[in-house]
Amino acid sequence: MSGTDLALLREKLNEQKAVIAQGGSGSALDAEFHLLIAKATGNRVLYEVLVRIHDIVSESRDFTLQTEERRDWAVMTHERVLAALARRDPEAAFQEMHSHIDYVEKIALEWID
């Protein structure tokens, strides 16, 4: 991951924080953060899969980010993912993102029920 990639991720995360501070959900910026990570991997298949499922997961993302607690949690976990990427620690980045996705999955299953 390049320095430019990290700077774009930081910028997107700061935008998400600003939107949340103004009372928004930050949902679109949350999605963009994930897409930037996928794009930075250089794996075109991964990136295209995320782009194509964007609309499918947007409703569950909106549900996930309905409460202040969940929005704060999303920002906090994005910070941890970004910190691991900045340290060039792929194992930590994987673990942080895995924990993030596991939690989102649990919330999404509540939404489905």
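Author: Start with what makes an aromatic pair: rings of Phe, Tyr or Trp pair if their centres lie within 6.5 Å. This is a predicted model, and the structure holds one aromatic pair.

Reader: Why is the pair of Trp 73 and Tyr 103 called tilted?

Author: The ring centres of Trp 73 and Tyr 103 are 4.3 Å apart, with the planes at 50°. Planes under 30 degrees apart would count as stacked and those over 60 as edge-to-face.

Reader: How do you know whether Trp 73 is buried or exposed?

Author: Buried means under 20% relative accessible area. Trp 73 has 15%, so it counts as buried. Tyr 103 has 31%, which lies between 20% and the 50% cut-off for exposed, so Tyr 103 counts as partly exposed.

Reader: What else is buried in H4?

Author: Besides Trp 73, the buried residues of H4 include Arg 70, Arg 71, His 78 and Leu 85. After H4 comes Arg 88, with a positive phi near 60°.

Reader: Which residues of H1 are buried, and why are they said to be on the same side?

Author: The buried ones are Leu 6, Leu 9, Lys 12, Leu 13, Gln 16 and Ile 20. They cover an arc of only 125° around the axis, which puts them on the same side of H1. The face turned away from that buried side carries the exposed residues Thr 4 and Ala 21.

Reader: What lines the largest pocket?

Author: The lining has 38 residues, and His 34, Leu 50, Met 97, His 100 and Ile 101 lie nearest the pocket's centre. Helices H2, H3, H4 and H5 each give two or more residues, with the largest share, 13 residues, coming from H5. By class, the lining has 26 nonpolar, seven polar and five charged residues. The volume of this pocket is about 1,000 Å³.

Notes
Residues are numbered from 1 along each chain as its sequence is written. This is a predicted model: local features need pLDDT of at least 70, side-chain atom pairs count only at pLDDT 80 or more; totals for chains, interfaces and linings use all residues. Side-chain values use heavy atoms; hydrogens and water are left out. On a 1 Å grid over the protein atoms alone, a cavity is a set of points where a 1.4 Å probe fits but cannot get out, and a pocket is an open set with protein on both sides within 12 Å along at least five of seven lines; lining residues have an atom within 4 Å of a point. Grid points are joined across faces, edges and corners, and a volume is the space filled by probe spheres set on the points. Helices (H or I, at least four residues) and strands (E, at least two) are DSSP runs, numbered from the N terminus. Ala, Val, Leu, Ile, Met, Phe, Trp, Tyr, Cys and Pro count as nonpolar, Asp, Glu, Lys and Arg as charged, and the others, Gly among them, as polar. Rings of Phe, Tyr and Trp (its six-membered ring) pair if their centres lie within 6.5 Å; planes under 30 degrees apart count as stacked, over 60 as edge-to-face and the rest as tilted. Buried means under 20% relative accessible area, exposed over 50%, partly exposed in between (1.4 Å probe, protein chains only). The arc is that of the directions from the helix axis to the C-beta atoms.
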